[in-house]
Amino acid sequence: MKLTGFSFFFCCSVQLFNSVMLPASGKPVQSAPPGRVSAAAGTDVILPCGLTSSYSSSGVRAVEWTRVDGPSPVTVHVVRDGEELVREKAAEYHRRTAILEDGSLKLFGVQQRDNGTYRCGLLRGSTVEDVFVSLFVAQVSEVFFSVRRSSANQLQVQCESSGWSPEPLVSLLDSSRNVLAARVESSVRPDFLYSVRALVTTATAATATGTGNGTLICRVEIPGTNLANENKIHITDEFHPPEEGPGCYLVLLVAFLLVFVVTAVMVFVVPLGMIKKLRSSLQRLTVLCYGLIRRETEGQQEDQPLLGEYGDISRVDTTGASEHLARANESLCRGVSGVEASQRLADRDLQEMLKYKETISSVGNKLGVHPALIAAIISRQSQAGTSLRPDGYGKGDHNCFGLMQINKHYHAVKGHPFSVDHVDQGVTYFIQLIKTMERTKPDWTKEQQLKGALACYISGEERVTPLSYDQVDSVTPYGDFANDVVARAQWFSHNGF
């Protein structure tokens with residue numbers, strides 16, 4: 001029987017597949033290794049067929065793509081005389097493929113199940129030409145930074161990424177892309193995806209850059225492929241702990257004696273505004289020395305930052321909750337808005353918040369962020385955990401996790417939703433944002449930088465840093481996130497935190 005047209009192509013394909021398949025293992029046997037293409041899961045990929053011009057102008061009558069690494073060939077895409085034969089293709093490739101002008105196959109939304117060897121068969125006259133392509137699909141994830149202070153009073157910069165397959169390599173680079181000596185860890189999650197992290201101190205960075213400041217780059221990559229993700233962070237270590245010792249007691253004594261002696265004179269001679277500024281300065285000095293004294297009396301570690309390092313929450317100006325937020329909580333805030341509305345919302349969450357007081361205080365004292373501010377963020381973000389689903393993600397936003405509502409698309413979430421690890425991660429991220437504001441807004445006061453960091457926490461630094469101080473809440477939900485959190489923090493500071 002004489003074979004013509006596509007029947008000839010099909011029979012040749014069968015004969016070819018029979019000759020290249022190992023009956024026992026189902027692995028393809030080729031005279032030359034196939035070309036290799038790597039892709040990240042969820043992306044589109046092109047498998048080249050090797051034609052240098054349009055297949056329609058190359059005398060090619062048919063193009064057939066098949067997957068040949070299984071026990072039998074699977075048809076992926078067939079074109080004959082310019083028409084796709086949809087009924088020929090396997091169901092798993094429906095609406096996922098396209099043939100380009102040069103015969104290459106475009107495969108949409110690849111997943112790891114698409115890993116394998118593919119054959120491009122070209123029917124030119126009565127000759128079948130074959131090109132084999134090996135597709136490697138990997139799980140690739142985002143890379144994130146966190147910053148904390150070590151017991152030796154050095155900043156520790158950690159980069160991490162979770163959700164890779166196969167196991168990736170992680171490295172930390174300086175701004176010249178020199179690899180830094182870092183502590184690297186890798187672990188496997190219950191879903192068999194890999195998590196990696198790399199930790200470096202500013203002392204190591206200083207060895208490479210000559211200072212404790214500069215840009216660090218974290219790179220995570222799949223070995224042997226072009227699949228990689230990077231992130232960078234600019235670190236600035238400007239924390240200088242004050243001198244300790246009995247001098248603090250002497251400073252306090254002199255300060256209070258001075259106030260006692262000159263108060264009467266000041267009332268009559270010095271303007272009221274200057275008196276307020278002096279009182280504020282004395283309050284800050286008192287807080288600073290109290291922290292040092294507490295370290296001596298309570299055995300607090302020397303390297304732990306003081307609560308005033310990032311500004312005084314009581315001095316941050318605030319307009320409180322917006323009318324829009326107040327209306328959204330009408331049962332509590334009927335007829336009120338502003339600071340009073342924020343206070344009512346904080347009061348609503350107080351009893352639940354007290355369950356986490358020990359965790360909040362522990363993290364706050366360790367990292368130098370006022371516990372009342374942490375409580376306020378938790379109050380606004382998750383209503384002290386009452387607005388979370390059983391799996392720990394938000395009822396309103398299924399991508400945000402835990403008390404502090406950390407977005408899983410931007411951070412590798414840690415711990416359970418109410419854990420110390422989770423709160424530590426959220427506060428550490430917040431400190432990183434404060435450092436960003438210090439770097440980008442050096443002319444702002446610490447209190448203004450603190451408020452700007454709150455806006456960054458919910459809206460991202462790229463949207464906040466271009467704004468002036470009075471605009472920072474213009475890009476946040478309800479247009480009041482930073483102001484509302486500040487007002488709640490000031491309330492929590494007088495109610496248990």
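Guide: Happy to, and keep in mind that this is a predicted model. Let's start with helix H10: 17 of its 21 residues are buried, so the helix is largely enclosed by the rest of the structure. H10 runs over residues 420–440 and reaches 30 Å from its first C-alpha to its last, close to the 30 Å expected at 1.5 Å a residue.

E14 has partners to look at. Strand E11 (residues 155–164) pairs with E14 in the antiparallel sense, over 8 bridges, and there you can find Trp 164 opposite Tyr 194. Strand E13 (residues 183–188) pairs with E14 as well, again antiparallel, over 6 bridges. E13 and E14 make a hairpin with 5 residues between them, and in that turn Phe 192 has a positive phi of about 70°.

Across from Ser 195 stands Ser 187. Ser 195 counts as buried because its relative accessibility is 9%, and the cut-off for buried is under 20%. Its side chain joins that of Ser 162 through a polar contact of 2.6 Å. Leaving aside residues up to four places away in sequence, the residues Ser 195 touches include Ser 161, Gly 163, Glu 185, Ser 186 and Arg 189.

How values were computed: Residues numbered from 1 in each chain as written. Predicted model: local features only at pLDDT ≥ 70, side-chain atom pairs only at ≥ 80, totals over all residues. Heavy atoms only, no water. Helix = DSSP H or I, 4+ residues; strand = E, 2+ residues; numbered from the N terminus. Expected span 1.5 Å × (residues − 1). Buried < 20%, exposed > 50% of the residue type's maximum accessible area, 1.4 Å probe, protein only. Pairing = 2+ DSSP bridges. Polar contact = N/O pair within 3.5 Å; in protein donor to acceptor, adjacent residues only side chain to side chain. Contact = heavy atoms within 4.5 Å.
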